[in-house]
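Hi there,

Here is the structure I promised to hand over. Please have a look, and then read on for what turned up in it.

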Amino acid sequence: MRGASRDRVAGTLLGLLLVLSVRSGGSTKASAGLVTCGSVLKLLNTHHKVRLHSHDIKYGSGSGQQSVTGVEASDDANSYWRIRGGSEGGCPRGLPVRCGQAVRLTHVLTGKNLHTHHFPSPLSNNQEVSAFGEDGEGDDLDLWTVRCSGQHWEREASVRFQHVGTSVFLSVTGEQYGNPIRGQHEVHGMSSANAHNTWKAMEGIFIKPGADLSTGHDEL
């Protein structure tokens with residue numbers, strides 16, 4: 001059943017990507033606005049210019065959970081994440097994400113949540129960041145607070161993600177893996193806010209704020 005669920009998610013993503021490929025020309029209009037609950041997007045580390053990424057490859061050390069990395073390619077389908085609430089009903093579809101709000105970032109193709117815990121990361125010895133859970137269901141260590149200026153997370157603004165359970169910031173500092181994921185960057189948690197942990201919303205499907213949820217109108 002879990003495999004069938006993942007297949008349905010993958011099919012949904014393929015549909016989203018088809019829409020993106022057809023309507024990618026409207027980037028100027030799309031760049032304005034807010035990041036909303038239920039949106040599917042890619043996140044760019046603004047300092048190292050890599051997108052948050054995961055795949056069905058496990059760490060060979062530490063927790064042994066699914067690895068999370070940063071990739072330079074902008075067209076990799078394994079870099080899409082869905083914005084979800086910290087609890088059922090905690091992030092209603094289409095509502096803007098508030099600065100200071102706790103969210104889950106669910107990897108679209110594998111259904112696992114962005115996660116961290118007290119394991120050392122394999123390259124830098126910072127805190128390991130992994131993808132954890134099944135079909136979007138994990139535990140309390142999947143929660144990240146959106147740190148931004150103002151009232152809501154704006155698409156054009158740089159933000160930070162601070163882990164609720166351990167207080168580290170989602171970060172990249174440039175270390176790169178060898179085979180089987182050669183060239184991908186380590187993603188980890190750092191205790192201080194700095195240039196290595198600022199992120200920006202990039203490509204994706206954004207649910208319009210205030211949209212009629214029964215119609216499901218989306219905005220690119």
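Let me start with a histidine. Setting aside neighbours within four places in sequence, His-47 is in contact with Ala-195 and His-196, where contact means heavy atoms within 4.5 Å. His-47 sits in the loop between strand 1 (40-45) and strand 2 (50-58); strands (E, at least two residues) and helices (H or I, at least four) are DSSP runs, numbered from the N terminus. From His-47 to Trp-199 the C-alpha distance is 8.3 Å, although 152 residues separate them in sequence. His-47 counts as partly exposed because its relative accessibility is 44%; buried means under 20% relative accessible area, exposed over 50%, and partly exposed in between (1.4 Å probe, protein chains only).

A word on the source: this is a predicted model, in which local features need pLDDT of at least 70 and side-chain atom pairs count only at pLDDT 80 or more, while totals for chains, interfaces and linings use all residues. Residues are numbered from 1 along each chain as its sequence is written, and side-chain values use heavy atoms, with hydrogens and water left out.

Now the core. The largest nonpolar core has 30 residues, and those touching the most other members are Leu-52, Val-68, Leu-114, Trp-153, Phe-161 and Leu-170. Such a core is a set of buried Ala, Val, Leu, Ile, Met, Phe, Trp, Tyr and Cys residues joined through side-chain atoms within 4.5 Å. Strands that each supply at least two residues of this core include strand 1, strand 2, strand 5 (102-107) and strand 10 (169-176). Strand 12 gives the most, with 3 residues. Not counting residues up to four places away in sequence, Phe-161 touches a list of residues that includes Leu-43, Leu-105, Trp-153, Leu-170 and Trp-199.

How many disulfides does a search of the whole structure find? There are 2, a disulfide being a pair of cysteine sulfur atoms within 2.5 Å. With bonded cysteines counted along the chain, their pattern is 1-2, 3-4.

- Cys-37 is joined to Cys-91, S to S 1.8 Å. Cys-37 lies in the loop between helix 2 (27-30) and strand 1, and Cys-91 in the loop between strand 4 and strand 5, 54 residues apart. Both cysteines are buried, and the link is left-handed, with -85 degrees about the S-S bond.
- Cys-99 is joined to Cys-148, S to S 2.0 Å. The torsion about this S-S bond is about -115 degrees, so this disulfide is left-handed. Cys-99 is buried, at 19% relative accessible area, whereas Cys-148 is partly exposed, at 22%.

Finally, the charged pairs. The count comes to 5 salt bridges, each a side-chain nitrogen of Lys or Arg within 4 Å of a carboxyl oxygen of Asp or Glu.

- Lys-112 and Glu-134 meet at 3.2 Å, N to O. They are 22 residues apart, Lys-112 in the loop between strand 5 and strand 6 (113-120) and Glu-134 in the loop between strand 7 and strand 8. Lys-112 is buried because its relative accessibility is 15%, while Glu-134 is partly exposed at 27%.
- Lys-200 pairs with Glu-156, the closest N and O atoms being 3.7 Å apart. Lys-200 is in strand 12 and Glu-156 in the loop between strand 8 and strand 9, 44 residues apart.
- Lys-58 pairs with Asp-56 at 4.0 Å, and both residues are exposed.

Best wishes
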